[in-house]
Amino acid sequence: MRLDKYLCESTDLTRSQARTVLASGEITVNGEVVKRGTHIMQDGDDVQWEGESLAIIGLRYIMLNKPAGYECSLRNSQHPSVMSLIDVDKRDRLHTVGRLDVETTGLILITDDGQWTHRIISPRHRCDKVYLATLAETLPQNAEELFLAGVLLEGEDKPTLPAVLERVDERSARLTIQEGKYHQVRRMFASLGNLVLALHRERIGPVSLDADLQPGESRYLTPAEVAALAQSSDGDAPA
């Protein structure tokens, strides 16, 4: 790999900035100052910038506890992006795996691995997504049966896939769905004449949000979690 490209891949430098840093003599390769874009061995050469060894930034897989008031889009908006909560190099490479709407809180996945994302959101696979909903009204006695049979959402021509409803108390419930229609959870409760006051995603597939991860905090997924998620998820849209 060319040295200037290596600098871009291992730091936040742009290509032009990397060339400037090289020309200034700030880069050493195996202890010798290098001022031009020579080729290097990624795994064999020791590249240092101001005395610190550099390494290519690998693919990243992150769990974030999304607070309310943040959105999962990168476009300009009145709301800040969840990406502003992640303090990592090359943040512009990251994207969310699916989305949560601005007011929905809880588990969101973030990565720069497009193939992994594609496997997770592929409609060929169905993955449990679990939400805790706080409701404005009590649920009808047959809510479990209605959701298990599938409900026809406004504007849709096919009912939802079967969903499992678990009552937590009179005005809160845990809902497990296996698809990701736009604002699906809110629309499902709306079909029963109920309003969702608060919505929190607790789990995607086999991975649950860490209980000690505070709103706005994040951590890297373990290799086992990364592998398990790649095999178990469905399309995702704002809940």
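Predicted model: local features only at pLDDT ≥ 70, side-chain atom pairs only at ≥ 80, totals over all residues.

Student: Why is Glu50 called exposed?

Tutor: Glu50 has a relative accessibility of 61%, and exposed means over 50%, so Glu50 counts as exposed. Glu50 is in the loop between strand E3 (47-49) and strand E4 (52-53). Its phi is near 55°, a positive value in a residue other than glycine.

Student: Is Lys90 buried or exposed, and how do you know?

Tutor: The relative accessible area of Lys90 is 10%. Buried means under 20%, therefore Lys90 is buried. Lys90 is also a residue other than glycine with a positive phi, near 50°, and lies in the loop between strand E5 (61-66) and strand E6 (95-97).

Student: What makes Thr160 a buried residue?

Tutor: Again the cut-off is under 20%; Thr160 has a relative accessible area of 4%, so Thr160 is buried. Thr160 sits in the loop between helix H4 (143-149) and strand E9 (164-169). Leaving aside neighbours within four places in sequence, Thr160 has contacts that include Gly150, Leu153, Lys181 and Met188.

Student: How do you know which residues link helix H1 (residues 3-10) to helix H2 (residues 15-23)?

Tutor: Their axes come within 9 Å and cross at roughly 115°, and the crossing is right-handed. Contact means heavy atoms within 4.5 Å. On that basis, H1 contributes Leu3, Asp4, Lys5, Leu7 and Cys8, while H2 contributes Arg15, Ala18, Arg19 and Leu22.

Student: What classes of residue make up that contact of H1 with H2?

Tutor: There are 5 nonpolar, no polar and 4 charged residues. Leu and Cys, for instance, count as nonpolar, and Asp and Lys as charged.

Student: What makes a group of residues a nonpolar core?

Tutor: The members must be buried residues of the listed nonpolar types, joined through side-chain atoms within 4.5 Å. The largest such core here has 30 residues, and those with the most contacts inside it include Ile110, Phe147, Leu165 and Phe189. Among the elements giving two or more residues to this core are E5, H4 and helix H5 (184-190).

Student: Which residues does Leu165 touch?

Tutor: Not counting residues up to four places away in sequence, Leu165 touches Leu139, Ala143, Glu144, Phe147, Ala173, Arg174, Leu175 and Phe189.

Definitions and conventions. Residues numbered from 1 in each chain as written. Heavy atoms only, no water. Helix = DSSP H or I, 4+ residues; strand = E, 2+ residues; numbered from the N terminus. Buried < 20%, exposed > 50% of the residue type's maximum accessible area, 1.4 Å probe, protein only. Axes fitted to C-alpha atoms, helices over the stretch in contact; angles between N-to-C directions. Left-handed = near helix turned anticlockwise from the far one by under 90°.
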